Amino acid sequence: MASIRIERVSKRYGAVEAVRDLSLVCADGELLALLGPSGCGKTSTLKMLAGIEDVSAGDIYFEDRPVTALDAAQRNVAMVFEDYALYPHLTVAQNIAFPLEIRGRPRDEIRRATEGALALLGLEASRDTNVRLLSGGAQQRVGIGRALVRQPAVILFDEPLSHLDGTQKSQLRAEIKRLQKEAGVTSVLVTHDQTEAMAMADRVAVMDRGALQQVGTADDLYERPANLFVAQFIGEPPMNLLPGRLERRGTRLVLESEAGPLALPSASVDGVAAGPGVSVIVGIRPEHLRLAGPEAPAEPGLPGCVFFREHRGDSDVVLVELSGAGMPGLAVEVESDAPWREGDAVRVAVADAPVHLFDPGTGASLRDAARVPRAARC
Amino acid sequence: MPSLALERLSQRFGDIDALDDVSLAVGPGEILGITGPSGAGKSTLCRIVCGVQSPSRGDVCFDGVSVTRVPAERRRVAIMFESYALYPHWSVFDNVAFPLRAPGVPHLSADALTRRVQDMLRFVELAGLEARRPAELSGGQRQRVALSRALAQDARAYVLDEPISHLDAKLRHTLRGAIRRRLVRGEAPTIWTSPDALEVLAVADRVAVLVQGRVRQVGRPSEIYRQPAHLDVARLVGDPPLNLLEGDLVSGAGGLSLRHHAFALPLSARVQQRLATGRHGTRAVLGLRPAEIRLAAAAETGVAARVWVWEPLGQYGILSVRLGDDIVKLKVPRGLRFHPGDPVTLDLRGAEPLLFDPAQGMAL
């Protein structure tokens with residue numbers, strides 16, 4: 001077991017800077033997710049942790065021991081791969097035992113470790129099955145078992161769920177999280193799927209174009225996104241973003257937008273470094289918007305038209321097209337039995353809930369500007 | 001008004017029934033979503049509708065007239081294949097323009113054709129990439145080329161086989177609304193498949209659930225979600241899907257209850273009325289919706305369980321708890337934190353339980 005410290009690491013491929021000045025810590029026993037779209041640098045970072053790729057600058061430490069100069073075999077790192085990478089001619093038990101066999105461990109140690117992993121993963125019944133005959137989810141369980149038996153300092157998970165279909169995916173997602181906590185192995189998970197990252201990780205590091213955008217728990221990212229990138233990447237449907245100018249009307253703060261004035265709840269004013277007259281982008285989660293009919297006089301709200309209603313099971317999402325030029329559509333979460341239909345004229349107002357304010361130039365959150373990493377501002 | 005009907009379609013591949021007696025109808029301007037696990041027969045069905053494959057048995061009909069023997073190029077069905085089927089040596093523009101230039105398609109002037117293709121590429125957010133070859137695009141971009149090639153056509157029907165599965169979450173979300181709006185403005189029927197049940201529930205007017213070549217249920221999205229007709233449907237639908245717990249139906253002083261090895265749940269009068277007589281004493285599978293199970297305050301009477309895993313997802317979280325030998329999932333509001341092994345008490349009284357026959361799978 002070991003903590004991981006990444007200190008000012010960069011990775012260049014020719015003229016391309018895949019990772020830029022990255023500093024991150026993963027505590028002993030923690031599961032840290034690296035999350036971002038393709039090309040964000042998450043996989044390059046994972047490869048540098050594994051020792052498959054060299055760093056261009058900076059250092060990596062496992063438990064205060066610099067490993068930057070060590071090759072992959074010397075780092076005691078196990079990997080779990082997207083495509084499982086099992087030995088197709090071997091059985092479940094043989095695959096799990098393999099890393100110990102090639103290290104020439106004593107026979108009874110191999111047996112004990114393999115049996116332990118089979119029991120932990122619920123694979124006892126299929127110990128002698130050829131891995132090719134297993135479902136994707138079961139194959140990935142074998143991959144995890146093979147990683148665990150070595151008692152590695154660190155396990156690196158590279159998109160471990162991306163080849164699984166929905167039900168298997170959510171099942172294995174919970175299983176991996178549980179196993180990781182039980183085994184207490186320091187782990188890094190690379191994924192492009194925000195749901196996966198938030199569900200599994202203790203903390204999530206969001207990356208974009210080589211630069212770290214924010215590190216935090218699922219709640220931190222959802223409730224206090226550091227910038228527009230994180231705000232839009234976390235949450236499904238994504239956070240609504242409305243450009244406009246802040247004005248004060250009596251006690252209320254109002255967003256003057258192309259589609260009309262939108263009253264913001266007073267709670268959102270706290271800690272906002274923006275005064276009246278400032279151009280901002282307001283971010284509002286779909287569950288924090290409310291719809292009213294066009295006739296409702298008390299609630300001003302932005303006029304618009306429902307162009308799509310999505311059934312989402314426990315609730316629905318209504319997409320509203322606003323009348324102003326260049327205005328984005330707004331996603332509004334409503335109860336399953338709410339009346340709105342496609343084609344209805346509506347008014348959209350903000351519920352008494354937190355909204356987020358961003359600097360339209362830098363994209364940084366105005367709530368707590370000091371927390372935004374410098375890289376996100378360039 | 002154009003309509004599409006599949007009548008008793010079967011498709012055998014060797015010993016396997018890829019499709020087994022499938023009958024479905026799609027009305028004018030309607031989107032029929034088809035969902036099911038991989039291998040369910042979704043793509044086979046799409047290939048039969050557009051005519052690149054002939055069924056072992058059954059008919060494809062447009063406006064009541066069979067086209068089963070009409071070759072693909074004369075059916076005027078716009079299909080987007082799951083594999084994209086782009087021409088690798090052609091540009092993005094030429095790939096999208098190809099079906100518009102095909103023989104038998106009403107002629108478009110060069111200007112009109114260019115405008116049509118560019119409008120479509122803008123629609124799928126690929127403007128500016130007209131000259132690229134498919135190999136120079138990401139997987140998601142290739143999928144959007146295939147999608148725009150299908151939507152650019154004036155077709156009698158649209159068949160979209162997993163049209164947005166490889167796009168990132170944000171684009172998937174904006175695009176599916178835009179595609180739906182475009183399709184329902186026209187009169188052509190559409191078939192839209194996805195292994196993701198939530199995707200078809202979101203975009204389709206009606207949804208068919210296909211499992212092992214058979215239609216398990218057809219209905220409006222809310223019907224599929226609220227009243228799954230079969231265990232196969234219950235396992236596929238929901239985020240997370242229904243909790244399925246097996247137990248015995250036993251009668252007592254308060255009427256019937258479901259006795260699971262870790263708890264007993266009295267059934268409401270409504271549920272009891274729905275049950276066929278002669279069910280007591282038999283095994284049944286209880287379906288409980290994750291959003292309808294609540295955490296009870298410790299003092300209340302409830303079902304004791306232990307936290308297995310906690311997955312925070314921002315707006316809410318999924319709490320998996322161990323209940324006897326089963327794992328049960330609940331949707332809980334944000335702001336709470338749990339650790340493995342924490343004791344919790346479940347309140348099952350707010351849930352509208354569903355019951356299924358464990359052997360046949362049918363809803364009781």
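Helix 2 of chain A passes helix 4 of chain A in a right-handed crossing, where right-handed means that the near helix is turned clockwise from the far one by less than a right angle. This is a predicted model, in which local features need pLDDT of at least 70, side-chain atom pairs count only at pLDDT 80 or more, and totals for chains, interfaces and linings use all residues. Residues are numbered from 1 along each chain as its sequence is written, chains are lettered from A and ligands numbered from 1 in the order in which they are written, and side-chain values use heavy atoms, without hydrogens and water.

The axes of helix 2 (residues 92-102) and helix 4 (residues 136-149) of chain A lie 8 Å apart, at an angle of about 30°. Helix 2 of chain A is therefore roughly parallel to helix 4 of chain A, a term for angles under 35 degrees. In the contact (heavy atoms within 4.5 Å), V92(A), N95(A), I96(A), P99(A) and L100(A) of helix 2 meet V142(A), G145(A), R146(A) and V149(A) of helix 4.

Overall values for chain A follow.

| Property of chain A | Value |
|---|---|
| Secondary structure | eight helices and 20 strands |
| C-alpha span along principal axes | about 80 × 45 × 35 Å |

Notes: Axes fitted to C-alpha atoms, helices over the stretch in contact; angles between N-to-C directions. Helix = DSSP H or I, 4+ residues; strand = E, 2+ residues; numbered from the N terminus. Parallel < 35°, antiparallel > 145°, perpendicular 65-115°, else oblique.
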